[in-house]
Amino acid sequence: MKSFNKHIIIISTIFSFFFIFSCSSDSSSIMQKPPALLVGDTIAFCAPSGFLDSVRMSLAETRLEEKGFYIVREDSIYRRWGYLAGTDAQRASELMSYFKDKSVRAIFPGTGGYGSTRILSMLDYDIIKSNPKIFIGFSDITALHIAFNQLANLITFHTPNPMYGLGSKKGLDPISELYFWSLLMNSNDYTYEIPFDLYGDSLKVQTMVPGIASGKLVGGNLSLICSTMGSVYEAETRGSILFIEDVGEAPYRIDRYLSELKLAGKLDLVNGIIIGRFSRRETEAPDRSTDFKMHQVFQQYFSIMKVPVIFNFPSGHGSKNVSLPLGCIVEINTDYETFKVLEPPIKN
């Protein structure tokens, strides 16, 4: 009997070794780095979510052309179908056409809004994986970031959209602009570091749980992260640095989203948490005085964690929207008070 058990243990150990080896050597998990953006490259404007403002988009186009880029867009880009920028088929087809187009170097969705989750099942992730390109955006674009990161192994970029930043009257905030172009164009001697006391930012990044941690950066808009839960497009957070931000959400709604992530086990195996900016709109009714404040909700979920947690990070729906490479290995260091990207997210 002892001999039998011994053989079982040996067989189990050998099986485990080969299973771990096969997983670690799986080339399909290697992240695709898109080529760096160069002056003279072609950038495609598209509308995979909400409908676009022609005035803002034209201003963004002019500013990009002044920097030396060539802009392409479909004649129908300002189409409107309800609150969407066209039917699901139109929006999916437009997006895929630019991944297939060899002349296009980068894809800039005009805005977020709503609608990206409706086209996730209509995209060809093998084509996207075979044609790595710079893909930017935030807010509703989060659903596409997660899908591209996980199903196409493509590093993407959480950045301002053309309509809000490049297409704003004053253009991109200087800090946001600096990090935007640094992330997309600088592939030599790569360093990308954001200090907690970022110059020009009145809200310093705060430490909730101290520590040093690294991992693949995942996430984006909190409500969009939750919108794909239970599907093949849900975010994989194991071993990650999870980044969250949102706008126009009362504390009780943020509480609900965080509870959903907690119940699904999405907070159990993260390596660290980055809480971005959670802003409110002026048109929203104020919270009741007896309600929890936003920072209290965050403390209830994150202060007891055993991994580094920082908040007030300058990324989100405000004018300070520092760009982040989703799918890249990054580091939080509360001793040095820095966020650092540990590998180039783009290639020459």
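User: Which residue takes a positive phi in the hairpin of β13 and β14?

Analyst: This is a predicted model: local features need pLDDT of at least 70, side-chain atom pairs count only at pLDDT 80 or more, and totals for chains, interfaces and linings use all residues. Residues are numbered from 1 along each chain as its sequence is written, and side-chain values use heavy atoms, with hydrogens and water left out. Strands are DSSP runs of E (at least two residues) and helices are runs of H or I (at least four), numbered from the N terminus. Four residues sit between the strands of this hairpin, and the one with a positive phi, near 55°, is E337.

User: How many bridges pair β13 with β14?

Analyst: Two strands pair if DSSP finds at least two bridges between them. β13 covers residues 329-333. In β14, K340 is the bridge partner of E331. The pairing is antiparallel, and its bridges number four.

User: In β13, what is the bridge partner of S214?

Analyst: β8 and β13 are antiparallel, with five bridges between them. S214 has its partner in β13. The partner is E331.

User: Which strands stand at the edges of the sheet of eight strands?

Analyst: This open sheet has mixed pairing and the order β6-β14-β13-β8-β9-β10-β11-β7. From one strand to the next, the twist averages 25° (axes are lines fitted to C-alpha atoms, for helices over the stretch in contact, and angles run from 0 to 180 degrees between N-to-C directions). Each edge strand has a single partner, so one side of each is left without a neighbour in the sheet. The edge strands are β6 and β7 (206-209).

User: At about what angle does helix α10 run to β10?

Analyst: Helix α10 covers residues 294-302. The helix lies across β7, β9, β10 (272-279) and β11 (309-311). Its angle to β10 is about 165°.

User: Which are the edge strands of the sheet of six strands?

Analyst: The order in this open sheet is β2-β1-β3-β4-β5-β12, with mixed pairing. An edge strand here pairs on one side only. The two edge strands are β2 (70-72) and β12 (324-326).

User: Which helix packs on the sheet, touching β3, β4, β5 and β12?

Analyst: Two of the strands concerned, β3 (residues 104-109) and β4 (residues 134-137), run parallel and are joined by two bridges. F135 in β4 is the bridge partner of I107. The helix covers residues 174-185, and its direction makes about 160° with that of β4. In contact terms (heavy atoms within 4.5 Å), the helix that touches these strands is α7.

User: What volume does the largest pocket have?

Analyst: On a 1 Å grid over the protein atoms alone, a pocket is an open set of points where a 1.4 Å probe fits, with protein on both sides within 12 Å along at least five of seven lines; lining residues have an atom within 4 Å of a point. Its volume is the space filled by probe spheres set on the points, which are joined across faces, edges and corners. The volume here is about 610 Å³.

User: Which element supplies the largest share of the lining of the largest pocket?

Analyst: The lining has 31 residues, and the closest to the centre are F138, S139, Y164, V247 and H317. α6 (162-166), α8 (222-227) and β9 (240-247) each supply at least two lining residues. The largest share, three residues, comes from α6.
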